Amino acid sequence: MCGIMAYIGKKQAYPILLNGLKKLEYRGYDSSGVAIMNGSLSLLKKEGKVQALETFAETRKTEGNIGIGHTRWATHGIPSDINAHPHQSQSERLTIVHNGIIENHEPLKEMLIKHGYKFQSSTDTEVLVQLIEWYQKRYNLTTIVAFSRALQDVEGSFAVVLFDVYDPTKLFAARRQSPMVLGIGEKECMISSDAMPLAPYVDQVVYVEDDVIIETDDTGEYKFFDLNLTQIDQPISDIKNASIAYDMGEFESFMLKEVHEQTEAAHRLITSGIDINIGKNIDRIIITACGTSWHSGLIAEYMIEKFARINVEVEYASEFRYRDPVLSSRDLVLGISQSGETADTIAALQMAKNAGCKTMAIVNTANSTIARMVDQVSLLNAGPEIGVASTKAFTNQLVTFCLLIINLLEDSNIDLAYDLKSELQKLPSLISRTLKANENIVDIAAYISQYKSAIFLGRGTMYPVALEGALKLKEISYIHAEGYPAGEMKHGPIALVDNKMPIIGICNEDKHLSKTISNIQEMKARNGIIILLKSEGIHIPKELADFVIETPRCHEFIAPIIQNIPLQLLAYHTATTLELDVDKPRNLAKSVTVE
Ligand code: M6R
């Protein structure tokens, strides 16, 4: 949440900041701003997407070779010009951008108010910049010393970049539990929330560690310090030739492009395989994740238990981290995350590490915090996912689990491993066929777009697929949607069903089929509008469904991946019918770096 981009060197900062902020918009897009130094400070902030800032800046001064920029996802204070970053200290000497949450901002603010500080915004960030200035003035400290003292006082998470007009050839930055990457260029440095915006400009980066302060200057020099200002080293990574794709190509949105990339992404992962090992002394696997990644974990629970017979539990990271679970060194805690930066998943894995568990992660983003903190990591290799709605990452999370199950079976049941492997080989072409068929989804989506709610139903692995279908629909179309195990409907939710309730029933050729059909018939008997998603070859009573979406017949091992794809398209076309921004739905951000 929130994206930071900063530049210091000899070039014009503004175009680099703007370019970077556009690429970081996936992290938050309710307002944005820049501060650029050129003799005097030019501070430009605007509510809305980065485009609004760009338009606003057209008639303002943007020259200068040092600048800091920010795109915001509001935590404290509504989205507005005033709450947009950068924020300044009372004397306007210091300017700051921040990603994260200063949890103890209230007592700090009270202390500062007692000392005569006045606040313009409702943000926790303004408290931090005022606190730095308070230290500077009260103890007559240099910027970096005041900065380090203030950081020692704050609780919570932060990635901050600080500029001092009295020290106008330098930038200071620091991070704790919020991502920050330093880009090292030729006589220039850049700081960003991820490496993607830096890739066009630099070959080398530093993935800055927690509680590290950076000091850079306009000759491209940089130094790292711990919070006591002892100089330290940080490992440098090469990103030369990193192909970090950032365009929509022929598609009208990143989401649609990413949905269509699934054939290739799955093929790539199946071909490359995975390089992780559950190990011998493991009694259970605890999967922890959030949102869509949690849904893939739930499918994995069904699949690993069925095929590999290992005990699996699935935990929402936000609950697991706080509920004091019973853990041991015989537990493998497996985090799933597209971004690798989700705050709750990081904290859940950290708790597991502290409890002596083995840790593993499945992530899309190499060098992300989660990728670096666990004992073993498996990369999704899905390519950058920019649309807020997770699509191809989900598919490759499930492919990873398929590969993991096959690996596990190779030791215990080679025949089954062989059979499942050959089913998995068919997946890319089946994804391609699924994407090509189903032109009727556009019409069904237009129909759904008239309603206020929808219910998704399934049994077995089709239940988490139902949860995922409902999440996709609600997050991009803003239509209320719930996923349920089909057998649970008569325990309460069936009271909601009438002739204004679309029911998306998901079935597959497996042992649950007849039960699911019966449950859908019960919805039809209550006048529900039935949209049946089924694989080819399943015969259903003629009068059962108002609409039918068909997918190619496939083995149950890969069915969750195939059945999910029409639901991605259903959500997509519903949102576009409603003329909504599918890549940047309201209130959301791609990378949820606050809890
Ligand atoms: O990056 P992560 O996979 O850890 O993100 C977890 C969720 O925030 C994410 O899956 C979210 O639910 C998506 N917007 C769903 O499309």
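Let's start where two parts of this protein meet: between domain 2 and domain 3 there are 15 residue pairs in polar contact, counting pairs with both residues at pLDDT 80 or more. A polar contact here is a pair of N or O atoms within 3.5 Å; within protein, one must be able to donate a hydrogen and the other to accept it, and residues adjacent in sequence count only if both atoms are side-chain atoms. Keep in mind that this is a predicted model, where local features need pLDDT of at least 70, side-chain atom pairs count only at pLDDT 80 or more, and totals for chains, interfaces and linings use all residues. Residues are numbered from 1 along each chain as its sequence is written, and side-chain values use heavy atoms, with hydrogens and water left out.

- The chain splits into domain 1 (3-238), domain 2 (249-425) and domain 3 (437-595), with bounds that come from an automatic or database domain assignment.
- On the domain 2 side, 42 residues are in contact with 34 residues of domain 3 (contact means heavy atoms within 4.5 Å).
- About 3,200 Å² is buried between domain 2 and domain 3, and carbon and sulfur atoms give 67% of that area. Buried area is the accessible area (1.4 Å probe) that two parts lose on being put together, summed over both.

**Salt bridges**

- The whole structure holds 30 salt bridges, each one a side-chain nitrogen of Lys or Arg within 4 Å of a carboxyl oxygen of Asp or Glu.
- Why do such pairs form? Side chains of opposite charge can pair when their charged atoms come close.
- One of them joins Arg284 and Asp331, at 2.6 Å from N to O. This pair ties together distant parts of the chain, 47 residues apart: Arg284 sits in strand 16 (residues 284-289) and Asp331 in strand 18 (residues 331-337). Strands (E, at least two residues) and helices (H or I, at least four) are DSSP runs, numbered from the N terminus.
- Glu385 and Lys590 also pair up through their side chains, again with 2.6 Å from N to O.
- Across the interface of domain 2 and domain 3, the rule finds three salt bridges.

**Around the ligand**

- There are 15 residues around the ligand, and Ser293, Ser337, Ser339, Thr342 and Glu475 come nearest (a residue is near if one of its heavy atoms lies within 4 Å).
- The side chain of Ser293 has an N or O atom 2.6 Å from a ligand oxygen.
- For Ser339, a polar side-chain atom is 2.7 Å from an oxygen atom of the ligand, while for Lys472 the distance is 2.8 Å.

- The peptide bond from His85 to Pro86 is cis, with omega near 5°. You'll find Pro86 in the loop between strand 4 (66-72) and strand 5 (87-88).
- Glu579 isn't a glycine, yet its phi is positive, at about 60°. Look for Glu579 in the segment after helix 18 (559-577).
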